Amino acid sequence: MTVKKTIHQLIKKRKIWGYSTAVAITPYLLIKIDWTFGLFMPTEQMDDPSWRTANAITIVLAAVGILVAFAFSMSWGEKLPAWLVAFPVWVGTGLLIPMLLLAPVLGPAAMIRDQQAGAAHVWIYEQIFVIVSLVGVGICLPFALAGYTKMRWPEVFTGPIDIELLPGNSKKLYIILARLVSGGCILLGFIKVFWAAGGTIGINPAMLDNRDLWWHLLSLSTGVWAFVGSWGLLVLTTRRGSKNFFPPMVAAWISSGMLFSYNLFNRLSATRPDAQPALEYPLAHELTTELGSVLGIMMGMVILMVLHDRRRAMQSSA
């Protein structure tokens, strides 16, 4: 197979996945537009200005997602500044891929919970569309991203993890940072898994009965991804534990995006008038929330340093 034919097939596949991502986002976008303008509201609380503001923000996010999907599909997307593409995709994959694994359980659980809370009957159908939309994006976006990345940043996929770096690299600095971040991820992981397993240290006794399946699974997901990110970051920086660069890169990328975006999402959700109070003590809640955000950002910084050094080395040897 010629190089030209391989590139043509790669472009074709990334267009398919990119367009599929845009199509998958569309139902979510339309529902959010309806809610922002007060149409087909599942509950009366969603007519509150804070709810409408939150829905307007998600409209912008969905529109950005569609633009990113088109950028992955077309040649002009390769000319965009790296940060303009990487940041929304980092947040999006961090939100969607972990949720994709939980959707088969959390989707029905959310429907049952909302029905018990008195949501309108139309919400069942709306929620089905939302779940299908998010699952579709969670499946299509990573493949579209992979096709785009192979064309623009092939060093992410090719070559062994242990390559000879050029002088002036940041290896010593990012190994120190990675060890600090990994220690924080392990601490956060143990706390979240402990709570998910039923541990009560740090939980407000008055809120113990409010721990539902949703809370337990999200706590478990955060804990597991914190452990996954710790492994990925240590392997990326020490270059031991994997022969290939791609697996630890994916682990660290998804974990960092998840820790940052989920905590940001939780803070935004807490501003809703019908938001449930935190089940943890205020100090425990703030520490785990802020710790997750800081760890996600620091992990992202280490990934950027690793990729920078790796790209320099691979370009010099080409």
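Is phenylalanine 260 buried or exposed? Phenylalanine 260 is buried, with a relative accessible area of 14%. Keep in mind as you look around that this is a predicted model. Aromatic residues come up again and again below, and a search of the whole structure turns up eight aromatic pairs.

**Aromatic pairs between helices**

- Start with tyrosine 19 and phenylalanine 70, whose ring centres are 6.2 Å apart with the planes at 65°, so this pair is edge-to-face; the cut-off for that label is an angle over 60 degrees.
- Tyrosine 19 belongs to helix H1 and phenylalanine 70 to helix H2, so their pairing ties together parts that lie 51 residues apart in sequence.
- Tyrosine 19 is partly exposed, at 36% relative accessible area, and phenylalanine 70 also counts as partly exposed, at 29%.
- Phenylalanine 87 and phenylalanine 260 make another edge-to-face pair, with 6.4 Å from centre to centre and 65° between the planes.
- This pair links distant parts of the chain, 173 residues apart: phenylalanine 87 sits in helix H3 (residues 82-116) and phenylalanine 260 in helix H7 (residues 246-269).
- Phenylalanine 87 is partly exposed, with a relative accessible area of 45%, whereas phenylalanine 260 has 14% and is buried, because the cut-off for buried is under 20%.

**A ring cluster and a charge over a ring**

- Phe72, Tyr148 and Trp153 are joined into a cluster by ring pairs.
- Of these, Phe72 is one of the buried residues of H2.
- At phenylalanine 245, the ring has the charged end of arginine 310 sitting over it, 4.0 Å from the ring centre.

**Helix H2**

- How does the span of H2 compare with what its 25 residues should give? At 1.5 Å a residue the helix should span 36 Å, and its end C-alpha atoms are 36 Å apart, which agrees.
- Several residues of H2 are buried, including Trp51, Asn55, Thr58, Ile59 and Ala62.
- Further along H2, the buried residues include Ile66, Val68, Ala69 and Ala71, as well as Ser73.

**A nonpolar patch on the surface**

- Phe37, Leu39 and Phe40 form a nonpolar surface patch, and together they have about 360 Å² of accessible area.
- Where is phenylalanine 40 placed? You will find phenylalanine 40 in the loop between helix H1 (3-36) and helix H2 (49-73).
- Phenylalanine 40 has 53% relative accessibility and so counts as exposed, since the cut-off for exposed is over 50%.

How values were computed:
Residues are numbered from 1 along each chain as its sequence is written. This is a predicted model: local features need pLDDT of at least 70, side-chain atom pairs count only at pLDDT 80 or more; totals for chains, interfaces and linings use all residues. Side-chain values use heavy atoms; hydrogens and water are left out. Patches are made of residues with over 30% relative accessible area and no salt bridge: like charges are joined within 9 Å, nonpolar side chains (Val, Leu, Ile, Met, Phe, Trp, Tyr) within 5 Å. Accessible areas come from the Shrake-Rupley method with a 1.4 Å probe; for residues, only the protein chains shown count as cover. A salt bridge is a side-chain nitrogen of Lys or Arg within 4 Å of a carboxyl oxygen of Asp or Glu. Helices (H or I, at least four residues) and strands (E, at least two) are DSSP runs, numbered from the N terminus. Buried means under 20% relative accessible area, exposed over 50%, partly exposed in between (1.4 Å probe, protein chains only). The expected span of a helix is 1.5 Å times one less than its number of residues. Rings of Phe, Tyr and Trp (its six-membered ring) pair if their centres lie within 6.5 Å; planes under 30 degrees apart count as stacked, over 60 as edge-to-face and the rest as tilted. A charge sits over a ring if NZ of Lys or CZ of Arg is within 6 Å of the ring centre and within 35 degrees of the ring normal.
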